[in-house]
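Subject: Structure handover

Dear colleague,

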Amino acid sequence: MKAQLRIVAIGVLMGIVEIVPGVSGGTVAFISGIYERLINGLKRFTPRLLVELKHRGFKGVWSWLDATFLLMLFGSMGLSVFVFANAVSYLLVNEPIGVRAFFFGLVLASGWVIGRQIEKPDFEIGIAFSAGLAIGLFLVKLAPLELEPSLFTLFLGGMFAVCAWILPGISGSFILLILGLYSVVLEAITTFDILSIVCLACGCVLGLVSFARILSHLFARFRRLTLSVLTGFMLGSLLKLWPWSQTMSYQLNADGSAIPLVEERLLPLNFEMTTGQDADIVMAALAALSGCILVILLESLARRSRKKYSILNAE
């Protein structure tokens with residue numbers, strides 16, 4: 001029961017962070033110790049499933065897929081998005097510095113947690129880390145594209161966005177913003193455009209299963225290098241969460257709310273001079289510290305859980 005409640009709690013937190021552009025649910029999955037279990041479960045959703053169903057039966061396939069774990073995780077994540085979307089959106093509008101600072105601290109500490117797992121750093125590890133860092137910075141600074149909305153581009157958008165979701169770092173919603181498809185997806189959902197939603201969902205399913213297989217292979221064969229790239233990627237994407245920024249261009253939602261597309265990052269004093277708003281440095285520092293503490297607690301619980309299960313398996 002404790003293990004199940006822990007999975008539900010992780011799913012809830014993954015849903016909350018996915019609401020914030022620039023934060024990925026994969027980050028929470030990694031620091032909570034379920035990341036490799038997640039991708040190993042997802043990678044099994046292939047045509048081979050029909051063969052396994054014939055040989056193992058429904059109960060055997062359910063266990064082989066780790067379906068209870070996936071159902072609990074995604075179910076609690078979806079419910080969390082539904083329940084907390086308005087609250088998080090309200091805070092993003094009314095307390096943007098505090099919210100960004102909190103998630104900045106969360107991602108920063110997550111990068112430290114992942115980096116600690118890299119054994120014997122060397123030149124090769126440094127190159128991999130630098131590559132991940134460069135990719136993260138490049139995506140954050142990338143100007144939004146203007147893809148022509150179509151069923152095919154929605155399919156591709158779903159594939160790329162879900163890859164961002166499973167990666168610790170940048171969120172899927174941010175990738176949709178870069179591709180210029182964010183408003184198109186929102187409109188399709190609000191107007192119940194079934195055909196567009198199905199194309200997006202098909203892209204998500206294909207991207208999720210395919211990318212999970214790739215990540216699982218990389219962790220099995222090149223664990224140190226994969227961890228190094230992911231650590232660099234997370235730290236590079238931190239720029240998106242810098243608390244003090246000025247919006248240079250934005251996109252309007254159907255409800256009139258603005259989504260920042262291009263932002264200029266500022267130092268706190270420059271922020272006050274440029275925008276005339278209070279930088280709230282003390283609040284930002286406390287919020288960032290809270291994010292760091294949350295990560296340390298999650299990582300500590302994950303470590304205890306892994307230790308407990310290793311003892312049980314040994315017995």
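A residue counts as partly exposed when its relative accessible area lies between the limits for buried, under 20%, and exposed, over 50%. R223, at 33% relative accessibility, is therefore partly exposed. Please bear in mind that this is a predicted model.

The structure holds three salt bridges. In one of them the side chain of R223 meets that of E36, at 2.4 Å from N to O, and this pair joins distant parts of the chain, since E36 belongs to helix α3 and R223 to helix α12, 187 residues apart. E36 is likewise partly exposed, its relative accessible area being 30%.

D122 is partly exposed at 37% relative accessibility, and R224 is partly exposed at 28%.

A further salt bridge pairs R37 with D66 at 2.6 Å, N to O, linking helix α3 to the loop between α4 and α5 across 29 residues.

As for the packing, the axes of α6 and α12 come within 9 Å and cross at roughly 165 degrees; because angles over 145 degrees count as roughly antiparallel, the two helices are roughly antiparallel to each other. Their contact involves residues including V107, L108 and I114 of α6 together with L227 and M234 of α12, and its residues divide into six nonpolar, four polar and no charged.

Definitions and conventions. Residues numbered from 1 in each chain as written. Predicted model: local features only at pLDDT ≥ 70, side-chain atom pairs only at ≥ 80, totals over all residues. Heavy atoms only, no water. Axes fitted to C-alpha atoms, helices over the stretch in contact; angles between N-to-C directions. Helix = DSSP H or I, 4+ residues; strand = E, 2+ residues; numbered from the N terminus. Parallel < 35°, antiparallel > 145°, perpendicular 65-115°, else oblique. Contact = heavy atoms within 4.5 Å. Nonpolar A, V, L, I, M, F, W, Y, C, P; charged D, E, K, R; others polar. Salt bridge = Lys/Arg side-chain N within 4 Å of Asp/Glu carboxyl O. Buried < 20%, exposed > 50% of the residue type's maximum accessible area, 1.4 Å probe, protein only.
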